[in-house]
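Hello,

Here is the structure I promised to pass on. Please have a look at it first, and then read my notes below.

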Amino acid sequence: MSAPELHSSIIALVSLASGIASKHPGMGLCQLEKLRNMGIPDEQIATVIEIARHIRDEAAQKLDAAFDEKAGIALPEAAATPSSKATMPELKIETGSSCCSTTPSGQSCC
């Protein structure tokens with residue numbers, strides 16, 4: 001019994017999101033073009049991009065916090081987030097939790 005094929009728009013959305021979250025050098029521009037050609041609304045694409053960036057940024061913060069903890073480094077608040085404070089709200093870091101927080105616009109990424 002084979003699984004049903006995913007719609008090409010779902011595949012493109014997943015590929016776009018994973019490329020953004022993984023910091024792929026292609027930046028998902030090919031998928032973005034495909035999605036627009038399929039008529040996927042920019043608002044839906046923007047939601048996927050927001051969630052992917054949120055997951056990427058949250059993963060980086062958790063990795064940095066784990067490194068700092070293991071290394072015994074306590075960085076001053078300003079040095080830990082040089083310019084991101086002005087442009088992006090701080091992400092909540094929950095160690096030992098498998099769920100992520102919501103994006104700045106309130107989108108759930110879980």
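Helices here are DSSP runs (H or I, at least four residues), and strands are E runs of at least two, numbered from the N terminus.

A word on the source: this is a predicted model, so local features need pLDDT of at least 70 and side-chain atom pairs count only at pLDDT 80 or more, while totals for chains, interfaces and linings use all residues. Residues are numbered from 1 along each chain as its sequence is written, and side-chain values use heavy atoms, with hydrogens and water left out.

Back to H3. The 30 residues of H3 should span 44 Å at 1.5 Å a residue, and the end C-alpha atoms are 43 Å apart, which agrees; the expected span is 1.5 Å times one less than the number of residues. Among the buried residues of H3 are Ile45, Val48, Ile49, Ala52 and Asp57. Buried means under 20% relative accessible area, exposed over 50%, and partly exposed in between (1.4 Å probe, protein chains only). The buried residues of H3 pack against H1 and H2, where contact means heavy atoms within 4.5 Å.

Thr47 is also in H3, and it counts as partly exposed because its relative accessibility is 26%. The C-alpha atom of Thr47 lies 9.6 Å from that of Thr103, although the two are 56 residues apart along the chain.

Next, the charged pairs. Counting a side-chain nitrogen of Lys or Arg within 4 Å of a carboxyl oxygen of Asp or Glu as a salt bridge, there are two salt bridges. One joins Arg56 and Asp57 at 3.0 Å, N to O; Arg56 is partly exposed at 22%, whereas Asp57 is buried at 18%. Another joins Asp42 and Arg36 at 3.3 Å, N to O, with Asp42 partly exposed at 43% and Arg36 partly exposed at 49%.

Finally, which residues line the second largest pocket? They are Leu16, Gly19, Ile20, Lys23, His24, Met27, Leu29, Leu32, Ile49, Arg53 and Arg56. Helices H1 (8–21), H2 (29–37) and H3 (42–71) each give two or more residues to this lining. A pocket is an open set of points on a 1 Å grid over the protein atoms alone, where a 1.4 Å probe fits, with protein on both sides within 12 Å along at least five of seven lines; lining residues have an atom within 4 Å of a point.

Best wishes
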